[in-house]
Amino acid sequence: MFEEMVSVLRGGCSRHVDNCGIKIQKCRNNLKAGMRDIKNILFDRDGTLIYDRHYLSDPAKVELLPGCMAGLRRMRASGLRLFVVTNQSGIGRGFFTEADYQACANRLNELLAEGGVRLEGSAFCPHDPEAGPCLCRKPGPGMWLELRGRYGLEASETLMVGDKPEDVAFGRNQGLALCALALSGKGEGTAAKLGLASLPPAAGFAEIPGAAGDGLPDLVVRGMDGLADFLRLPEAGGEKS
């Protein structure tokens, strides 16, 4: 089953690149071991945890994606620390204010708290990329440096997941242990841009051997419940939703 899923994802391509010292066998061993070395997960927000409303500024429109709560509950119950890193150029473009962003962030925290989930922390970039480059906009290092300094994060213990090319590049640029592409939000389009086919219908996740050398995600996941399955985390409270 593993080889069939890889073949589908890579379109039958048999390239195995190891430019970053990450062996294909290590990827397989990590899968079997349940990724026990991962202690922190960085999430993109829009299109990964919540529906992407395009310049979201109304907290009433904050809505969790299917499977998100169930997956995050399993992660928190297993002791993982959860963080959000999000580009919010709508602030710099004048579409909404930083207070609007914070109101939406507070609403996300409220929704997660209803399911017993707490984010350890978050970071955001408010800048308009058309106004000039900045260090904090993904895939730049700013948000990683902020969270690393504030919470003592180690790249070797951290996984990044998001639905956009810049999320994958962000994880790669910071040397994080793993990068996951979520097929929610813009994820299907991102997969197509990266030359990856979609997951088989019954699969919640699949690894991509040789991904580090190719600049690809290490795995694709259907949602946060699929990521929890990849990490082999037990069901939270014995329930599945």
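Contact is taken here to mean that heavy atoms lie within 4.5 Å, and helices (H or I, at least four residues) and strands (E, at least two) are DSSP runs, numbered from the N terminus. The structure is a predicted model, in which local features need pLDDT of at least 70 and side-chain atom pairs count only at pLDDT 80 or more, whereas totals for chains, interfaces and linings use all residues. Residues are numbered from 1 along each chain as its sequence is written, and side-chain values use heavy atoms, with hydrogens and water left out.

Helix H5 comprises 17 residues, 98-114, and spans 25 Å from its first C-alpha to its last, close to the 24 Å expected at 1.5 Å a residue, where the expected span is 1.5 Å times one less than the number of residues. Within H5, the residues Tyr101, Cys104, Ala105, Leu108, Leu111 and Leu112 are buried; buried means under 20% relative accessible area, exposed over 50% and partly exposed in between, with a 1.4 Å probe and protein chains only. Viewed down the axis of H5, the buried residues fall within an arc of 120° (the arc of the directions from the helix axis to the C-beta atoms), so they line one face of the helix. An α-helix has 3.6 residues a turn, so residues three or four places apart point the same way. The buried residues of H5 pack against helix H3 (68-77), strand E2 (81-87), helix H4 (89-92) and strand E3 (121-125), while the face turned away from the buried side carries the exposed residues Ala99, Ala113 and Glu114.

In the loop between H5 and E3 lies Gly115, which, leaving aside neighbours within four places in sequence, is in contact with Met69 and Arg73. Gly116, which follows H5, has a positive phi, near 80°.

Leu64, in the loop between E1 and H3, is buried, with a relative accessible area of 18%. Although Leu64 and Leu108 are 44 residues apart in sequence, their C-alpha atoms are 8.0 Å apart in space. Apart from neighbours within four places in sequence, the contacts of Leu64 are Leu49, Ile50, Tyr51, Met69, Leu108, Leu111 and Leu112.

The largest nonpolar core has 34 residues, of which Ile41, Phe43, Leu72, Met75, Val161, Met224 and Leu227 touch the most other members; such a core is a set of buried Ala, Val, Leu, Ile, Met, Phe, Trp, Tyr and Cys residues joined through side-chain atoms within 4.5 Å. Among the elements that give two or more residues to this core are E1, H3, E2 and H5. Apart from this core lies another, of 14 residues, including Phe83, Cys125, Met143 and Leu176.

Four aromatic pairs are found in the structure, a pair being rings of Phe, Tyr and Trp (its six-membered ring) with centres within 6.5 Å, counted as stacked with planes under 30 degrees apart, as edge-to-face over 60 and as tilted for the rest. The ring centres of Tyr55 and Phe95 are 4.7 Å apart and the planes stand at 65°, so this pair is edge-to-face. The pair links distant parts of the chain, with Tyr55 in the loop between strand E1 (40-43) and H3 and Phe95 in the loop between H4 and H5, 40 residues apart.

With a disulfide defined as a pair of cysteine sulfur atoms within 2.5 Å, the count comes to zero disulfides. Cys136 is in no disulfide, the nearest cysteine sulfur being that of Cys125, 3.2 Å away.
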